[in-house]
Amino acid sequence: MTVMTMNSTSTLGKIAELARAQVETGALAQPSEEWRYTDSSIWVNPSESSESSEFPVQWTGTESITVRRASEISDDFGDQFGWNVTELAGNPGAVTTLAFANDALIVTGHGRVYLAVAATAPTHIPVVIRVAEGDRLEVSLVSTGAVAGHTCISVHLAANAECVINEVQTNSAPLVSSTYLVVQASKSHFQWAGVDGLTGVGIRTIRVRQIGDEAKTVLTALNLGAKKSENYIHTHVEHLAPGGESRQLVKSVLTGQSVSEFKGLVYVAPRAQKTDSSQSNQNMILSEQARALSRPQLSIFADDVKCAHGATMSQLDADQIYYLQTRGVNPADAKAVLMTGFADEAVDQLSMDSLTAIARETVRQFFESISES
Amino acid sequence: MLQINNLIAQIEDQTIINGLSLTINPGEVHAIMGPNGSGKSTLSKVLTGHPHYTVNGGSIQYDGQDLLEMDPEERAIAGIFLAFQYPVEIPGVNNESFIRMAYNAKRKARGESEVDAFDFAQLISEKLKLVEMDEEFLSRSVNQGFSGGEKKRNEILQMAVLEPKLAILDEIDSGLDIDALRIVAEAVNKLRTPDRSFAVITHYQRLLTYIVPDVVHIMVEGRIVRSGGRELALEVEERGYDWLTVAASAE
């Protein structure tokens with residue numbers, strides 16, 4: 001594999017700047033209908049980029065999944081993927097090399113697909129996931145490289161379609177960012193579960209638009225912050241049609257000087273009556289200098305809705321430790337059980353065993369490092 | 001089995017238990033009644049070693065040991081069980097795993113091998129019948145989303161599994177409707193043995209028509225002001241606590 005020389009600092013800077021700009025300004029504050037499919041404005045414009053690199057993407061999936069590679073991304077991205085699309089290594093398990101700045105992955109079909117992105121140079125990966133009516137597609141995403149990367153995932157769910165995305169990020173890259181743009185037709189179901197055990201900066205930006213009736217969205221995140229790691233989760237869920245449901249649970253365990261921020265906006269349009277939404281942000285702060293910022297927000301323009309939101313900041317609960325002790329469990333074991341339990345509520349949302357195993361191992365090592373320090 | 005002598009205990013700067021003495025022999029059921037704030041729940045916390053309470057007078061002997069020298073988990077392993085007035089919710093921790101952990105902690109302390117998930121499932125399904133609980137309770141997080149009655153039944157389930165020598169039931173009747181009260185009380189009665197002792201803390205005489213005590217104590221202002229048989233509870237129901245409160249402050 002050839003890695004072309006490039007100024008990695010500037011690329012890293014660019015990705016970081018881009019990702020930060022997105023999360024800070026909410027680059028898609030006024031999404032237009034075109035955004036049903038994607039908004040190319042948040043992507044690095046390939047034509048302006050003179051840098052290029054290659055990186056392997058390993059994917060495995062069931063036979064009914066198609067992963068294609070789209071080169072020559074045109075500016076007219078919304079044009080039903082009218083690119084030069086080729087099948088991506090027809091046999092599951094194959095390693096395919098994609099070139100930075102002029103490639104995208106398109107995932108369609110039903111079943112399960114596992115994408116492992118092993119970046120060796122700062123990368124920006126567009127992924128398009130389309131789930132047809134009544135289909136169910138499960139995507140697991142892991143970054144294994146040690147350099148900055150940004151994945152932009154556009155998900156389009158047709159009526160009654162279901163998409164489950166598991167994202168476990170545990171590497172030592174300075175920045176791992178992912179942006180999701182999700183559009184849901186009626187009665188579709190989108191579920192995202194993410195575990196962030198990154199040692200650098202992790203940014204997840206998730207924008208969901210429920211354009212059809214009775215769509216359901218479930219977002220669950222677990223952040224494990226240590227030393228000087230930073231984690232940002234910014235969500236924007238728009239209920240644009242009646243009867244929608246959304247559940248957000250964001251949990252952080254923070255030590256050292258780590259920082260975690262949750263900013264979540266739930267928007268309920270005037271016609272989105274009977275919306276049922278909840279946002280919960282729970283932070284377990286285990287050191288003096290760790291910080292958690294929590295900004296759940298509601299913007300409601302319908303009158304018959306149920307919207308709950310809440311945030312908690314806590315250390316280990318003394319009453320829970322005492323309760324376990326009165327059952328014969330010593331304090332060290334009690335603390336381990338409580339921390340694991342706190343994490344498990346989120347880890348249990350991961351739907352793929354191999355990823356759950358990685359996440360559990362990450363959680364275990366994290367708590368082990370805490371008890372040693 | 002349990003001898004409390006002239007106990008004085010406080011939380012922060014406030015003395016709650018003020019010269020309490022109480023002896024419970026093996027197999028006896030003692031009811032402890034009293035108005036709000038008389039220190040009943042504090043007594044249960046002090047007996048189980050809650051870290052927020054400090055003891056600055058008196059002694060507690062349990063099975064020949066100095067109870068106050070023991071950590072909460074050591075007391076549990078030595079056979080003391082507290083059914084909480086407000087059972088604590090532990091999100092993310094599976095109820096069955098939690099009870100198995102408690103069960104194994106006791107076994108480990110006795111030098112016995114730990115019971116695996118499979119054998120424990122058999123053991124606990126027997127105990128579930130006692131409290132008329134559904135298997136589904138086992139797969140949920142500890143007490144999370146349980147109704148008041150379900151939480152109390154879960155406490156009794158733990159008691160049935162852990163088989164304590166001394167069970168302290170702190171207002172096990174609060175928040176229960178009449179059917180749940182009957183189920184809980186009947187379960188407790190089935191767990192009565194010639195050796196197992198109970199301290200039943202309650203506001204209401206009603207519970208004592210189900211769980212019939214050997215001795216009734218009335219607690220006022222941090223100590224026991226009167227002890228008697230079952231009829232004392234009936235008298236309190238009729239006359240309230242005022243006459244005892246007056247008597248206590250007159251002393």
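These legends walk you through close-up views of a predicted model.

Residues are numbered from 1 along each chain as its sequence is written, while chains are lettered from A and ligands numbered from 1 in the order in which they are written. Because the model is predicted, local features need pLDDT of at least 70 and side-chain atom pairs count only at pLDDT 80 or more, with totals for chains, interfaces and linings using all residues; side-chain values use heavy atoms, leaving out hydrogens and water.

**View 1. The six-stranded sheet of chain B.**
Follow the strands in the order S6-S9-S10-S3-S11-S12 and you have an open sheet with mixed pairing. (Strands are DSSP runs of E with at least two residues, helices are runs of H or I with at least four, and both are numbered from the N terminus; two strands pair if DSSP finds at least two bridges between them.) S6 and S12 (223–228) of chain B are the edge strands, each with a single partner, so one side of each has no neighbour in the sheet. On average, neighbouring strands here are turned by 20° against each other, direction ignored. Look also for S11 (215–220) of chain B, which is joined to S12(B) by five bridges in an antiparallel run; B:Val216 has B:Gly228 as its bridge partner.

**View 2. A helix across the sheet.**
Helix H1 (40–48) of chain B lies across S3 (29–33), S6, S9 (166–170), S10 (197–201) and S11 of chain B. Its direction is at about 145° to S9(B). (Contact means heavy atoms within 4.5 Å; axes are lines fitted to C-alpha atoms, for helices over the stretch in contact, and angles run from 0 to 180 degrees between N-to-C directions.)

**View 3. Pairing of S1, S4 and S5 in chain B.**
Eight bridges hold S1 (2–11) and S4 (53–62) of chain B in antiparallel pairing, with B:Gln10 opposite B:Thr54. S4(B) also pairs with S5 (65–66) of chain B, again antiparallel, over two bridges; here B:Gln61 faces B:Asp66. Two residues sit between the strands of this hairpin, where B:Asp63 takes a positive phi near 50°.

**View 4. The largest pocket.**
This pocket holds about 480 Å³ of space. (On a 1 Å grid over the protein atoms alone, a pocket is an open set of points with protein on both sides within 12 Å along at least five of seven lines, a cavity is a set where a 1.4 Å probe fits but cannot get out, and lining residues have an atom within 4 Å of a point; points are joined across faces, edges and corners, and a volume is the space filled by probe spheres set on them.) Of its 19 lining residues, the closest to the centre are A:Gly197, A:Thr199, A:Ala226, A:Phe366 and A:Ser369. Helix H4 (353–372) of chain A gives the most, seven residues. Domain 1 (11–316) and domain 2 (317–373) of chain A each provide at least three; the bounds come from an automatic or database domain assignment.

**View 5. The second largest pocket.**
About 410 Å³ of space lies here. Among the 21 lining residues, A:Val329, A:Asp333, A:Val337, B:Ser97 and B:Met101 lie nearest the centre. H3(B) supplies the largest share, seven residues.

**View 6. The second largest cavity.**
This cavity holds about 50 Å³. Its lining includes A:Thr326, A:Arg327, B:Phe81 and B:Lys106. Strand S6 (80–83) and helix H3 (95–109) of chain B each supply at least two lining residues.
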